[in-house]
Amino acid sequence: MSADTGMAGHIEPMVGRYVHVEIGGEPHRIYFEENGSGIPLVCLHTAGADGRQWRHLLADEEFAKNFRIIAFDMPWHGKSNPPERWTGEEYQLTTARYAETIRAFCKALQLDKPVVMGCSIGGRIVLNLAIDHAAEFRALIGLEAADFQAPWYDTAWLNRPDVHGGEVGAALVSGLIASQSPKTARDETLWAYKQGGPGVFKGDLYFYRVDGDLRGRVATIDTKVCPLYLLTGEYDFSCTPEDTKRTAASIGGASVTIMEQLGHFPMSENPRQFRRYIAPVLGEILKTSTLSRKQGVHA
Amino acid sequence: MSASQEVLLNRMTSPPNTTDPAIIQAFAKIPALLEQAPGLMARGRFLDCDCLLGPSEQPFHAAIRAGKIVDLIPAPVLMRSWRFAYRATPAAWAEYWQPMPRPGWHDLFALTKRGEAVLEGDLHLFMANLQYFKDVLALPRQHFAAAPA
């Protein structure tokens, strides 16, 4: 398991650095943390948050033996600043921009057929990667992922001067956390939302709500080219288990798991519970990858 | 089936147009429970609001001043105005107040999304103080399941 608050002087194993990445023809300085060696495993945070959501996975000694676990902050998020040319216009994440960012990051780090695991908007973009770029990846894992989900609030509330964006964003998503999740992990998950830049959460949801509707497109996903795993928490009423099951029903070979006692932020709201579900998935990817290497096939 | 589950089942099988007295009683106790939660009242210290909260058919007019519920009175009150209303079915409140609410019944917006609750009116103060309202309306959770039917 990951090391949590422990003895004074304990230093966690992940290391954070910046990589320069060109996205949309512009230089970006992207912050990422990593730990471990082996199969590259790139983790994508949820809308309006940052890579800290993955800190327990990053510190997992067992996973780190076989996976190079990497979590990066999207531009405008966490420690990845907006690009220098930005003059304050409204931030809006598009499907094209999101996919380009992930691919450019993987290319900049020269990752060899990485596994990409994303949550929420990260889960949605994983479906895009499966549709358009499957051959570039070893496996794709979508947490809280679906081709579409019905909106449950107006995102205009997230960025207006008379409502604190951090407070309202955190209060909204607090409902997506499972009742059983430990208070400390719940509070830590919400803290990232309270810290987000103005309009960034709303801008991410442009991709989710407006630009990223994949209904009717996911049937083209070929899981023989790249295995696809979908895992959704039973407490997630934003991307419901039914949304994920409906999505998977049109994708031959997609693996679906409904996770008990978890909500929309499985990796951060209850890392121990999430580990129970993600360990078998990573184990299967490792097994398939090892088998392919032995057979001389580049998996 | 546990005793609390049995109580819940009985509540849920009530006719839909009646409100279980247990729900009404639980709502009526919210101001007193809030008095015992100084941190929560402090969070609402900038909030002055008249709103309508409670069971769909028998809601309460709540007058909130500086985060304190200074008046909670069953509707209707002749010509009483309200800024916003959050009303849910008795079954929804009974589920929301379980110690460990079930998926889909555990949050105010989960209830609106599933059609068990309705949010209406001018939502500005509700959204600006969203966690306050979520926590105030969850106050009966610590007592409801244990209370006699």
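User: What helices and strands does chain A have?

Analyst: Chain A of this predicted model has 10 helices and eight strands.

User: Why is chain A said to agree with a compact globule?

Analyst: A compact globule of 299 residues would have a radius of gyration near 19 Å; the value for chain A is 18 Å, so the two agree. Along the principal axes, the C-alpha atoms of chain A fill a box of roughly 60 × 55 × 45 Å.

User: How much of chain A counts as buried?

Analyst: Of its 299 residues, 52% count as buried. A residue falls in that class if 20 or more other C-beta atoms lie within 10 Å of its own.

User: What share of the contacts in chain A joins residues at least 24 apart?

Analyst: The share is 74%, taken among contacts between residues at least 6 apart in sequence.

User: Which residues have the most contacts inside the largest nonpolar core?

Analyst: They are A:Cys43, A:Val116 and A:Leu140, in a core of 126 residues. Helix H4 of chain A, residues 121–132, supplies the largest share of this core, with six residues.

User: What does A:Val116 touch?

Analyst: Leaving out residues up to four places away in sequence, A:Val116 touches A:Val42, A:Leu44, A:Ile102, A:Val126, A:Leu129, A:Phe137 and A:Leu140. One of these, A:Leu140, is also named with A:Val116 for the most contacts inside the core.

User: Why is A:Glu144 called buried?

Analyst: A:Glu144 has 31 C-beta neighbours inside 10 Å, and buried requires 20 or more, so A:Glu144 counts as buried. Its place is in the loop between strand E6 (139–143) and helix H5 (165–174) of chain A.

User: Why is A:Gln261 called partly exposed?

Analyst: A:Gln261 has 19 C-beta neighbours inside 10 Å.

User: How do you know that the peptide bond from B:Ala75 to B:Pro76 is cis?

Analyst: Its omega is near 0 degrees, and the bond is cis. B:Pro76 is in the loop between strand E3 (68–74) and strand E4 (84–88) of chain B.

How values were computed:
Residues are numbered from 1 along each chain as its sequence is written. Chains are lettered from A and ligands numbered from 1 in the order in which they are written. This is a predicted model: local features need pLDDT of at least 70, side-chain atom pairs count only at pLDDT 80 or more; totals for chains, interfaces and linings use all residues. Helices (H or I, at least four residues) and strands (E, at least two) are DSSP runs, numbered from the N terminus. The radius of gyration is taken over C-alpha atoms; the globule rule is 2.2 Å times the number of residues to the power 0.38. A residue is buried if 20 or more other C-beta atoms lie within 10 Å of its own, exposed if 12 or fewer, and partly exposed in between; C-beta atoms are placed from the backbone. Two residues are in contact if their C-beta atoms, placed from the backbone, lie within 7 Å. A nonpolar core is a set of buried Ala, Val, Leu, Ile, Met, Phe, Trp, Tyr and Cys residues joined through C-beta atoms within 7 Å.
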